[in-house]
Amino acid sequence: MKSVISMNIIVTGLVVMLLNGYAAAAETTLDATRTLVVVPVKNGNIDQKVYRQIDRVVPELKTISNKKIVKLEYSFSGQPDRKQEVENAYHLAARIEKYLRVRHNLDLALWITIDVRPKSVKTPPVLTLAVFSDDIKKLDAVLINPPKN
Amino acid sequence: MSNLIIALMVVCLTPLWAIANPGQSGSSGLLTVSTAETLDAGNICVGAWSCYGQNSSFSQKSFLIMPVSITMGIGTFWEVYGAYPNIFFNGDEDVSGRGTLDLGTKLRFLGGRASDFKMAVDLLGQRHISESRKLDGVTDYSAKLVTSYNRNDFGIHVTAGYLKPGDVTGITIEPEFIFGAGVEYAVIPRLKLLGEVTAGTNRAYLEDNREWPTPRFFSEYSVEASFGAQYFLSPHITLNTSIGTGFGAKDPDIKFLFGISSCQGVGTYVKPIPTVGRRAAAKDKTKEALKPLKIIPISTLLLKAAAPQSAPVSKHEVEIEAEQEEIQIKPYGQVVIAPQQASSNLTSPVIPVEIPLKARDEEIILKSPKTEDRESSAVEYTMKRISGVTQLYRVDVKGPHVPLPVDVIPEKMTVYRKFLFPDVMFDFDQWTLSPVGKKMLSEVAEKIRKDKKWLYIKIDGHTDTIGSKSYNMDLSLKRSIAAASYLISHEGVDPAKVFIEGRGQSSPIAENDTAVGRRNNRRTEILFLVAKEAQ
C-alpha cells in the first residue's frame, strides 16, 4: 500500500515535471512567442549550412500573415561595450534579413535584435527566428509630423 | 493527496529557469563522474533513473533498479545532493553495486562559475540499504577532489578520492582509493556526448542470501567504462542515457542507464540555462558596469505615488498620435495605461517644426482580481503555453504585494514616446553617424535612462525614394544598426531591449517630389514601447 502511494507520488511528479518542461520549452529569454528555427552560426560566419537551415523555414515564413512580427535575433558571446562586435552582430542578422527579402521575396515585418552573452560563455552564436503574435501593422500607421494637405 | 496535486500544480504553473545537469548520484556533472560545477543558488533538481545490468559474477545474474536523486544549490559555489538507490524496492540494489542512500555536498573552491578551470571538493556519506543484515545500515564516507576543464564545446573532468568503508561485523574491508574521469563534447547545443571511466582499488562486493550461513564477500579492483549522451529537451528537462561495461573481476558485464532529470529555479532566483545546460553563465558584469537600466515597468508602487511626471521633452521628441500607435501583444499581467500625450516642442536643428504642447493625460487602472478568476486564468494561461500559444512581452512586476488583475489581458503595445532624427545624423548615402548624430543619440540615451516606463526600444530607419527600394531598405537598416550600436556600446542600453527595423521608403511623412519633402523623409525614429490597455 505504502509503495503504491509512493509510486503515485512519483508518477504525478514526473508528469508535472514533463508538463512544466514542455511549457517552458516554448519560451525564449525574450518572453517571445513561437520559435521557428534556431540556427548555430559557427565562428560567426554565415555559410551555406546556415542558409540551408534558413531555407527550410521559408515555406513557414511565407504562410505568416504580414500582420505579424517576425523576430530575428542573433545571440553571441561578446562585450556590449565593443562597438565593432555589436555592429558585426547586427550586420550578420541584417544579411539574413536581406537574404529573406531579396532571395525569397518575403515581405515581412522583421524586427532585428541581438543578445550579447558574457564572453566567457563559449557556446557558438545562434540565429533565432520567432514569430510575435497579432496585429502590429497599426504601428505602421504612425505618422510623425504628417504632411499638411 | 489532493493537496499534493495542488502543490504540484502550483509548481507547474510557475516554471522558472534553472541549471539542469545533475548525474545519477545527484551531484552535478556527467552521468557518473562528478564535475566541479555546482548548482546555482536557489535552484533544485530532481532525477529519476533506471539502471539495468547483468553481472555473471553473482548468483543473481541481472538487476533492475530505479535510483532517484535530488540536488539543491545552496550558494554560488555550494550544493548539497542526495539519492535513494532503488524505488522499485525489488532487492536488486545489492548486485547493482549502487545500494546506498547517498547524502553529499560539493564545494567549488577554485574557479568562478564561468571559468574554464575549476576545482571542487565532494564529500559524501553512503548508507547501505541491503537485503543483507550485516551490510544494511553500514555507512561509508568518502571525499573526492574534482577538477574540471572546459574549453569551447569540450570538457574534461577528473576525480580522485578516498573512501572509508563502514564497519561490517565479521568482515574486514580495506579502505579504497576511488578515481573517475570523464569527457564531454557538445555536438549541438542540445546534445552532449559523454565518455566516463570510474575505478576503485578495493571495491567491496557483498552478496548475501537468507539461506546462506555467511555472506559472500569480495574485494577486488574495479574499472567501469561507459559511453552516453545527454539531451536537453528543454532548459528544465534533460534526458540521459549510457551504456557501459566493467573490467574488474566482479564488475557488471553490461550496464544500461537511462534517466530524466528536471530542474527548477525556486524562490526569487531566476537563471537561464546558457544554450541549454552547457555551463552556467556568469553574471554579465559588462552590463553592470555600463550604466544599468533598472526597469521597473509598472507596479502598485505607481499607484501609491503621484502621477508620474515624465522627463523634460527632448528637442527631438515628437508628438504621438493617440490611438494610432499600437501593436498587439500579449503580456502577462494587466496594466492599463492610457495613450500618452507626450508634449512636444520639436525644434530640429535643421528642420524647425513647431508642435503645440498638449497636456499629459495618463491614467493607470488596476482592477481588483477575484481569486477564482486568477485561478482560472492561470490554468488557461498554462494550457495555452502547453499547446504552443505563448505570451509575449512579459511585464515583470516587483513589489511586496502585487495584485495582478487577470480578467482582462492587455494585448497591445503602444508607442509611448517617439524621437525623430533628421538626416543630419548621417552623411548623404552614408550610414556612419555624424558628430551631431552622436550628440542627438546621447540626449535620447539620457531619456532612456530616466524614463522608467518603456519596455522596449525600437529604432526605425527611413529613406526617401531616391534609389531602388532594395537599396533604400539596406541603407535604412544600416542606419538603424549604427544608431542601435551607438546606444548599446556607448550608452549602455541593454541590447536585448532594442529592436531595429529598416523601413526604407515605405513610410514617407512628406512628399518625395520636393527637396524639402525628401529631406523630411530621410530620418531615423526611436520609439519607446509600453503596454497598452486591451481594447
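Here are some questions and answers about this predicted model.

Residues are numbered from 1 along each chain as its sequence is written, while chains are lettered from A and ligands numbered from 1 in the order written. Because the model is predicted, local features need pLDDT of at least 70 and side-chain atom pairs count only at pLDDT 80 or more, while totals for chains, interfaces and linings use all residues.

User: How many helices and strands does chain B have?
Analyst: Helices (H or I, at least four residues) and strands (E, at least two) are DSSP runs, numbered from the N terminus. Counted that way, chain B comes to eight helices and 21 strands.

User: What share of the residues of chain B count as buried?
Analyst: A residue is buried if 20 or more other C-beta atoms lie within 10 Å of its own, exposed if 12 or fewer, and partly exposed in between, with C-beta atoms placed from the backbone. Chain B has 535 residues, and the buried share is 47%.

User: How far apart are the end C-alpha atoms of helix α3 of chain A?
Analyst: The expected span is 1.5 Å times one less than the number of residues. Helix α3(A), residues 83-103, has 21 residues, so it should span 30 Å. The model agrees with that, as its end C-alpha atoms are apart by 29 Å.

User: Which elements of chain B do the buried residues of α3(A) pack against?
Analyst: Those buried residues include A:Y90, A:L92 and A:I96. In chain A they pack against α2 (48-63), β2 (69-77), β3 (109-117) and β4 (126-131). In chain B, their partners are α7 (469-489) and β20 (498-504).

User: Is A:N105 buried or exposed?
Analyst: A:N105 follows α3(A) and lies in the loop between α3 and β3 of chain A. Its phi is positive, near 55°, though it is a residue other than glycine. Most residues other than glycine have a negative phi. Since A:N105 has 9 C-beta neighbours inside 10 Å, it counts as exposed.

User: Where is B:F89, which has a positive phi of about 50°?
Analyst: B:F89 is not a glycine, yet its phi is positive. With 14 other C-beta atoms within 10 Å, B:F89 is partly exposed. Its place is the loop between β4 (78-84) and α2 (93-96) of chain B.

Note on methods
Contact = placed C-beta atoms within 7 Å.
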